[in-house]
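Please give me a guided tour of this structure. I have it open in a viewer and would like to know what to select next and what is there.

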There are 2 protein chains.
Amino acid sequence: MKAQALHGHLDALLLAVLEQGALHGYAIIEALRARSDGSLDLPTGTIYPALRRLERAGHVASTWSTVNGRERRTYQLTDAGRRALAGERAGWHEFQQTVGRFLDPGSPPGTPA
Amino acid sequence: MKAQALHGHLDALLLAVLEQGALHGYAIIEALRARSDGSLDLPTGTIYPALRRLERAGHVASTWSTVNGRERRTYQLTDAGRRALAGERAGWHEFQQTVGRFLDPGSPPGTPA
DNA sequence: CCGAACAAGTAGCGTAGCTACACATGAAGG
DNA sequence: CCTTCATGTGTAGCTACGCTACTTGTTCGG
């Protein structure tokens, strides 16, 4: 799918994958790809800046660790991040309903309840 | 709702409102507001450029008319626009499902069918 | 006469995802 | 041994696109 359609919803996705457990950037990319059956194959240039945004916003916290001589930055959800995720979920549902009202089949304005 | 989340889906919305009949720009804005119960209150600076994009793309065609001394540009869906709308609908459903898989409650990866 | 609603439009801004690149290490293979 | 690939992180610059703010012009009501 056209990945650029994510605009504005990427943060929510990132928070959602981190909800299930802390992950490092590379693993997040793989998790998104796996959970979406390959639909979401996001480049590093999208993920890393997004994670830094989320960290600046206080929604995630990162810790460095070294695994097999490779530096890893592992991100975990903060309490604020969990709250933000709840908000993102609500926003997503509203967005989904609003757009769906135009794009989903059935129930154009004339249709009675 | 945060209107900027529309990113990438606005074209689909415009095509969808025009599907029900030709409208001029101002009326499109009002139609979007009405059909979304006020959630979508888009400024002219968003709509008019978007309509020109759609016209350049051949998805809509416009005709000028004068009503009560006021110039109106009325937009109607072209055949290509109708096809584009079908594609946008498909894309929307895929997008909705993909994002929903992360943001909707229930059915995290482990859950069996 | 003046302001509000109607109607169209542009210029410039900001956000945010994308492309393309750079850098480093470890494992695998010729 | 040396190259190549997977792992892992990161930045610079581009572009798309919606938003803010403004402009122009008409009709109508107070």
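Start by selecting A:Gly21, which comes after helix H1 of chain A and has a positive phi, near 145°. The model you are looking at is predicted.

Step back now to helix H1 of chain A itself, residues 10–19. Is H1(A) mostly covered or mostly open? H1(A) is mostly covered, with nine of its ten residues buried. Select A:Leu10, A:Asp11, A:Ala12, A:Leu13, A:Leu14, A:Leu15, A:Ala16, A:Val17 and A:Leu18 to see the buried ones.

Next, pick A:Glu19, also in helix H1 of chain A. A:Glu19 counts as partly exposed because its relative accessible area is 35%. Show its side chain together with that of A:Arg89: the two form a salt bridge, and their closest N and O atoms are 3.1 Å apart. A:Arg89 lies in helix H4 of chain A, so this pair links distant parts of the chain, 70 residues apart. Over all chains, the structure holds nine salt bridges.

**Both chains together**

Display chain A and chain B at once. A rotation of 180°, with 0.0 Å of shift along its axis, superposes chain A on chain B at an RMSD of 0.0 Å. This is how a two-fold axis relates two copies. To find the axis, select A:His7: of the residues of chain A, its C-alpha comes closest to the rotation axis, at 2.9 Å.

**The interface**

Now select the residues in contact between the two chains: 35 residues from chain A and 35 residues from chain B. In chain A, look for A:Arg35, A:Phe102 and A:Leu103, which lose the most area to chain B and together make up 24% of what that side buries. The area buried between chain A and chain B is about 3,300 Å², and carbon and sulfur atoms give 64% of it. Of the interface residues of chain A, 100% are also interface residues in chain B, so the copies meet through the same surface.

Which polar features cross this interface? The rule finds eight residue pairs in polar contact across the interface of chain A and chain B. Colour the side of chain A that touches chain B by element: helix H1 (10–19), helix H2 (25–35) and helix H4 (79–103) of chain A each give two or more residues. H4(A) gives the most to that side, with 14 residues.

**Salt bridges to inspect**

How many salt bridges does the rule find across the interface of chain A and chain B? There are two. For one of them, select B:Asp37 and A:Arg101, whose side chains meet at 2.9 Å, N to O. The pair crosses between chains: B:Asp37 sits in the loop between helix H2 (25–35) and helix H3 (44–56) of chain B, and A:Arg101 sits in helix H4 of chain A. B:Asp37 is exposed, with a relative accessible area of 65%, and A:Arg101 is partly exposed, at 32%.

End the tour in chain B with B:Arg33 and B:Asp41. Their side chains meet in a salt bridge, at 2.9 Å from N to O. B:Arg33 is partly exposed, with a relative accessible area of 30%. B:Asp41 is partly exposed too, with a relative accessible area of 48%.

Methods: Residues numbered from 1 in each chain as written. Chains lettered and ligands numbered in written order. Predicted model: local features only at pLDDT ≥ 70, side-chain atom pairs only at ≥ 80, totals over all residues. Heavy atoms only, no water. Contact = heavy atoms within 4.5 Å. Buried area = accessible area lost by both parts, 1.4 Å probe. Salt bridge = Lys/Arg side-chain N within 4 Å of Asp/Glu carboxyl O. Polar contact = N/O pair within 3.5 Å; in protein donor to acceptor, adjacent residues only side chain to side chain. Helix = DSSP H or I, 4+ residues; strand = E, 2+ residues; numbered from the N terminus. Buried < 20%, exposed > 50% of the residue type's maximum accessible area, 1.4 Å probe, protein only. Least-squares fit on C-alpha atoms with pLDDT ≥ 70 in both.
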